[in-house]
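Dear colleague,

Please find below the structure that I am handing over to you. My findings follow directly after it.

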Amino acid sequence: MRRGGISLAVIATLFIATVAGADVPKVVSQVDQQIAAAWKANNITPALEVDDARFLRRVTIDLTGRLPEPDQVTEFLNDSRSDKRARLIERLLASPEYAVHWATYWDNILMGRLTREAYLDRPAFHEYLREGFAENKRWDKLARELLTAEGYNTNRQPLKGGSPGPKDLESRFSPASNWFLRHSRSIPDLSSATSKVFLGVQIQCAQCHDHKTEKWTQKDFKQFTACFSKTWASYVDRPGMLAQMVGTYRLEVKDRLFSPPADKYETFFGSYKDYINETPKLLNGPEVKGWGSRRTQLANWVTAADNPWFAQALVNRMWGKLLGTGFFEPIDDARPGNPALLPETLKLLADDFRGSGYDIRHLLTVILNTQAYQRACVELKLPPDKPTYWASYPIKALDVEELFDMIVQASGSKPAIDKLTKSNFMLVRNAFIGQFVTQMGTDENAEVTELEETIPRSLMLLNGALVNGSTRAGPGYGLSALKLDSGNDAQVIERLYLCTLSRRPSSDESKKWQVFLKQTRPVVRTKGPASTTPQGLAALKVSDEITKADKDADFAELLKHAKTGADFAALRDKMKNNADAGLFVKAFQAFAAEAPFQALAGAPGGDTPREQAWEDMYWALLNCTEFLSNH
């Protein structure tokens, strides 16, 4: 879109110079020129600039994981200022929702979506990340904190049966230490994660054999992993209390002068065995020497200005996250055998990111203001194996957290869910995420790079309790707040479009739905799924499989028989270790979420044909590809 002969992208860069640093417009212009040159060289005609409504929805989802509110849509569409896109980006980057959204993204990358262990304080770790993004903590500082964290994993007091919390609790509380604990039972996984996340380099194959086509060897892997071999955790809370509690128990992560007694405590330190006697060495770098912290030396090298991978790794990840594909794919697999598309542009962005002091908001501001990000989402007529050089914006699948939050937001169902869960909203959210990831059959923290319309995904959304329950016209849901019988169907239709698709309906769409609402139809009554949980007196009885189980019975097998609160209460005394506690927490959360989900599935619907027609329309909007993707 052009106004007065100047494109919105050019005008935006002029405004950005005053709010995000003088180098932003220069870098954006250079990126645009290099990508435009690639379009010309490859005879690609790029898509037009995306319209305002779709840009608003796109950037709001990308930066906050939420939809713009209906009033924000109308306000943005009515705004005639030429710099409104740049102003929008700046406002979203400074919003609380930005910090929450990107904390969730990095929590998933670093910890995994479904990881729930008794020795991990996930809420504390998420809050640590949220605070970091809220204050715009620089990427090198965040990386350093994660790589070198020492201290207590939680500041919670023991829940039951343990001694009082330590007196130095707050001073030694280190939520970042949870990342080390996440991988501490397998330090090869820790070194692989470090390389992938902070360097964008995959070395995990070299754990078992020398790489066939790249330079990494088993020796390289062992020496890099040895950087973690003198860091380990010890109990602070009394371990015996584990069988009497459900929650996080306290560990202290600490760098040591010696390696852990792996032979004596095989269960805890078995993964250290192959690396204790290796000389620690950085990838393509020097050996780590001296008695000082190996992790500190590792962090110094990772975040050093002359490290060729550190800045590039985050730039490629963020570019891929925002534009669907990175300069190289997978986004964490930089190697000579996987060359980058437009390597000079990747280097330009990485140099600028490094020069900004690793300012994440600066990087996002640059990317979001490029012509590539602001292209319309249309299909280009190109051979399937030919790169598009981001000449058209892709249809991006939503992360499961985005999907859940957007359905709840668009349907206005949070008050109803809060009521069903007694204000424990996260209970249903976590259960939905767990079900979705399990049914999709993907790695719990895998990147989603294209719209994946699988049968399980489609069925879960089409027939799932969340969408079906949230689109009812009963009290506490979005439809109940609208005047469905006001006689002005066109206004209500427009409101639903603004709530779901973040745009006004076209004239044809509005007419189609008005005709649909006036059609004659019977009232249909459906029942929710029958409860699988024992009711009444049966719910107070512990299952025979649990009461009669042998003392050495496998705890995971016992959990399969837990159907009631009484079963779970009995199983609390049968936990033997932290692994049992982690399984217990997962199973109990799923059990607690079952009743609210069943209530959502059986939520009472409309009583009249018109009310049910409105429900059908709402349901259709929430299940269309336009809603279920970012474009």
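Please note at the outset that this is a predicted model.

Within strand β5, residue E252 has Y152 standing opposite. Y152 belongs to strand β3 (residues 151-152), which is joined to β5 by two bridges, the two strands running antiparallel. Strand β4 (residues 231-235) also runs antiparallel to β5, and five bridges join that pair.

As background, the strands of a sheet pair through backbone hydrogen bonds, and the pairing may be parallel or antiparallel.

Is strand β5 largely enclosed by the rest of the structure, or largely open? Strand β5 spans residues 251-255, and four of its five residues are buried, so the strand is largely enclosed by the rest of the structure. A residue counts as buried here when its relative accessible area is under 20%.

**The second largest pocket**

The second largest pocket holds about 730 Å³ of space. Its lining comprises 27 residues, and those that lie nearest the centre are T325, T388, S392, Y393 and P394. By residue class, the lining of this pocket divides into 16 nonpolar, six polar and five charged residues.

**Backbone features in the loops**

- The peptide bond between E329 and P330 is cis, with omega at about -5°. P330 is found in the loop between α15 (310-323) and α16 (343-355).
- N284 has a positive phi, near 60°, although the residue is not glycine. N284 sits in the loop between α13 (266-269) and α14 (294-302). Its relative accessibility is 53%, so N284 counts as exposed, the threshold for that class being over 50%.
- Y389 is likewise a residue other than glycine with a positive phi, in this case near 50°. Y389 lies in the loop between α17 (360-368) and β6 (396-397). The relative accessible area of Y389 is 12%, so this residue is buried.

**The chain as a whole**

How many helices and strands does the chain contain? There are 29 helices and seven strands. Of the 631 residues in the chain, 52% are buried. The chain exposes about 28,000 Å², and 53% of that area is supplied by carbon and sulfur atoms. Where contacts link residues at least 6 apart in sequence, 73% of them join residues at least 24 apart.

Yours sincerely

Notes. Residues numbered from 1 in each chain as written. Predicted model: local features only at pLDDT ≥ 70, side-chain atom pairs only at ≥ 80, totals over all residues. Heavy atoms only, no water. Buried < 20%, exposed > 50% of the residue type's maximum accessible area, 1.4 Å probe, protein only. Pairing = 2+ DSSP bridges. 1 Å grid on protein atoms, 1.4 Å probe; cavity = no way out; pocket = protein on both sides within 12 Å on 5 of 7 lines; lining within 4 Å. Points joined across faces, edges and corners; volume = space filled by probe spheres on them. Nonpolar A, V, L, I, M, F, W, Y, C, P; charged D, E, K, R; others polar. Contact = heavy atoms within 4.5 Å. Areas by Shrake-Rupley, 256 points an atom, 1.4 Å probe, with all protein chains shown as cover.
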